[in-house]
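This report describes selected side-chain contacts in one protein model.

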Amino acid sequence: MGELSARSRAIADEQGFVETAYAALDRQREAYSERLREVRAQQGHESAGALSERDSFATHYEDNLIRLRNVENRLVMGRLDFTDGETEHIGRIGLKDEDQEIILLDWRTPQAEPFYRATAAEPGDVVRRRHIQTRMRDVVGVEDELLDAEASDGLSDLNLTGEGALMAAMATARDGKMSDIVATIQAEQDRIIRADSNGILVVQGGPGTGKTAVALHRAAYLLYTQRERLSRSGVLIVGPSPVFLRYIDQVLPSLGESDIVSTTVTGLLPGVEATGADTPQAARIKGSSVWRTIAANAVRNVLERPLDRPVSFTIDSSPVTLTPSHVEAAQQRARRGGRPHNEARETYARILVEELANQVAAHKEMALEDAGWIVDEVVSSREARREINLRWLPSSPVQLLERLYARPRLLAMCAPELSPEEIEEVRRPKGSPITAADIPILDELAECLGPFRTDFEKRQRAAAQARDAELSEYVKETMSSMNLGGGIVNLEQLTERAAGSGPQSSLADRASADRTWTYGHIVVDEAQELSPMQWEMLARRCPTRSMTVVGDLDQRPDGSPSGGWASILGRLGSSARIENLTVSYRTPATILRSAGRTLAAAGVSVLPVEAARDLPDCLAFTAIEADGREGAVVRSVKERRAWLDGEYGPGEGTLAVIVPSDLREGIAEALAGDPGLAEYVKADSAGLARIGVLSAIEAKGLEYDAVVLVEPSRVLAEGPGNLYVAMTRPTRRLDVLYSGELPAGMA
């Protein structure tokens, strides 16, 4: 009765505070809504400057309204009681009351650190840490951790019973989307989240240690603490697959951050889509850093060619001669400028046009400065254009790479580091689809080549630049006359609004469309999978080398490389520092031990990870007949789906069927064809399905309440790391279906 009374008092007390916090949130929302209404009402015969300023303020208010709406659920997460009798509540964002006094601390503030760091051994000034569970705006539970018993005499509403906030979160059904962990961040995770942003921070952690959650919360933390810097440059999130990006897409908005670019590595090259597939051997060859040298050689040797002998022709009845020395001198001067090939071509061509124009002028016994029309004659000469262009060909990255792949002799000339067998492996005809492994090479070529534009595009660009310069000067004068620019808007923002790129052009939109955009910070998930050329792409987009790199070397198909992260990161490894996550919160201990034994038996030693919990009957093995494999999978999935319904309620919880790559299509068809499962296998409008059929590679970074693993020996044959991934996806239950023998050590 006393415990119930204490719990009731605690819930009632926190309910009162939660209502106060939501009232403050509602006031903020209404204030921004009112300002937005006022700005939108200011329509009439405004000047361009006033119109642009109005649009900028409207965008500012709209962005803040979106941020405040995203933090609606679980706004208040906890409370700290200190030895001096003071209390602080911790929430998703900071809030003030009507007197502008802080009533809710943002979880990212230094004052909130004890909520995640304080322990009974080192409590600091904290007497009690209280976790507050809410459902929308209602408090449904509280749980207290007493950190300083000697200072707790004044606490009459202690509620020390309960499952624990972290364990309660793990027992909740997955819904196909990753949830934030802001209410349950553990001390070792918090230390990494709040680490400084200098250099490359590598977060190594085994399955279920919260690597992805830590990386995303770190992004939110840096956006909070370095708002001014990162609001200009942005944060890039790089994930292993579109499925993974959909899985995490709610986390940062729920933390009040949405202006972030998230993509796969292949999505970093605007306008190029990878629809083809390489053999594993071809992908390995293309991933080598030697392609940096090959790309430079290709531009120099294929597109910038010497003239072998003098070439003579006439321009306006005047004889002219282009000599090898003329071409060589023009090429050398163009290269000295350090500009990319396509841009330097303008310098090269101008020098040769001037040389030929001088020859025409001399033949006509005229001074070139008095006869500007001669230059026009040279430019319009077909022979002159042909001879000049042949020695410095413009090209797009795709055009050049297609030539290299289609012509082995040409590739061999540019790539002496590749063997004849390797050159043959990457050979393919022109017009073949671009593959994922081509993207980093194309990016390298784009860096060497620079923008490729037709003559029409060049004229359009020149006209646009002239308009932009004129508009920028007008906006500058308008701002000066109206005494604007000292607030939340600046010249660049107002010029964009007046030019029509306006509110709809967010930082994320602009960064995604610009290959040369550089980010203030990059987060890379499943980083152990990236090739050296993919790391080059990322390094190019973050010159400051401010990165958070998370992954697990044991989850590579072939296991951890002998050189560890230094060998993965290549030339970036020298500036990296490594932090380890050692506790698995997702995977039950029984499953984790089985996975470790299996890899050990396969000759792979995994880094030790301690499970935070174990569950009874979480691992089961069922022998099946190979001929009836699809039927056995259907039966197992039906049984597990019914179990999820019983555990969480009808339609709740998620299940993955992880299969060898060559069985994926057949098993997916069998499940989709079963009347009792079809509706659960079909993806909804958000691309989510309650039951997913995936290969081990596709399952990386994801988690499910239950997993049905089919033919583990065949998954092991794809790579020990793949089986390690497959076995460690579930939070509650792993069912293993096998024909033949189980991998050694599994059972």
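In this predicted model, the charged end of arginine 35 is placed over the ring of tyrosine 32, at 5.3 Å from the centre of that ring.

**Aromatic pairs**

Contacts between two rings come next. A pair of aromatic rings is described by two quantities, the distance of the centres and the angle of the planes. Across the whole structure, the search finds 4 aromatic pairs. One of them joins tryptophan 291 and tyrosine 405: the ring centres are 6.3 Å apart and the planes stand at 75°, so this pair is edge-to-face. An angle over 60 degrees is what places a pair in that class. The two residues come from distant parts of the chain, since tryptophan 291 belongs to helix H11 (residues 291-303) and tyrosine 405 to helix H16 (residues 397-406), 114 residues apart. Tryptophan 291 has a relative accessible area of 1% and is therefore buried. Tyrosine 405 also counts as buried, because its relative accessibility is 1%.

Tyrosine 348 and tryptophan 392 form an aromatic pair as well, but a stacked one, with 5.1 Å from centre to centre and 25° between the planes. Planes under 30 degrees apart count as stacked. Tyrosine 348 lies in helix H13 (residues 341-363), whereas tryptophan 392 lies in the loop between helix H15 (382-390) and H16, so the pair ties together parts that are 44 residues apart in sequence. The relative accessible area of tyrosine 348 is 1%, so this residue is buried. Tryptophan 392 is likewise buried, with a relative accessible area of 1%.

**Salt bridges**

What number of salt bridges does a search of the whole structure find? The search finds 58 of them.

| glutamate 145 | arginine 129 | 3.0 Å |

In the salt bridge of arginine 129 with glutamate 145, arginine 129 lies in strand S5 (residues 126-135) and glutamate 145 in strand S6 (residues 138-146), so the pair ties together parts that are 16 residues apart in sequence.

Glutamate 387 is buried, with a relative accessible area of 8%, and arginine 391 counts as buried at 15%.

Glutamate 647 is found in helix H26 (residues 629-648) and arginine 732 in strand S21 (residues 730-738), so the pair ties together parts that are 85 residues apart in sequence. Glutamate 647 counts as partly exposed at 39% relative accessibility, whereas arginine 732 counts as buried at 17%.

Salt bridges also link several residues into a network, which comprises Asp13, Glu14, Arg79, Asp81, Arg128, Arg130 and Asp144.

**A mostly covered helix**

Burial can also be described for a whole helix. Helix H23 (residues 532-540) is mostly covered, with 8 of its 9 residues buried. Among these buried residues are Trp535, Glu536 and Arg540.

Methods
Residues are numbered from 1 along each chain as its sequence is written. This is a predicted model: local features need pLDDT of at least 70, side-chain atom pairs count only at pLDDT 80 or more; totals for chains, interfaces and linings use all residues. Side-chain values use heavy atoms; hydrogens and water are left out. Buried means under 20% relative accessible area, exposed over 50%, partly exposed in between (1.4 Å probe, protein chains only). Helices (H or I, at least four residues) and strands (E, at least two) are DSSP runs, numbered from the N terminus. Rings of Phe, Tyr and Trp (its six-membered ring) pair if their centres lie within 6.5 Å; planes under 30 degrees apart count as stacked, over 60 as edge-to-face and the rest as tilted. A charge sits over a ring if NZ of Lys or CZ of Arg is within 6 Å of the ring centre and within 35 degrees of the ring normal. A salt bridge is a side-chain nitrogen of Lys or Arg within 4 Å of a carboxyl oxygen of Asp or Glu.
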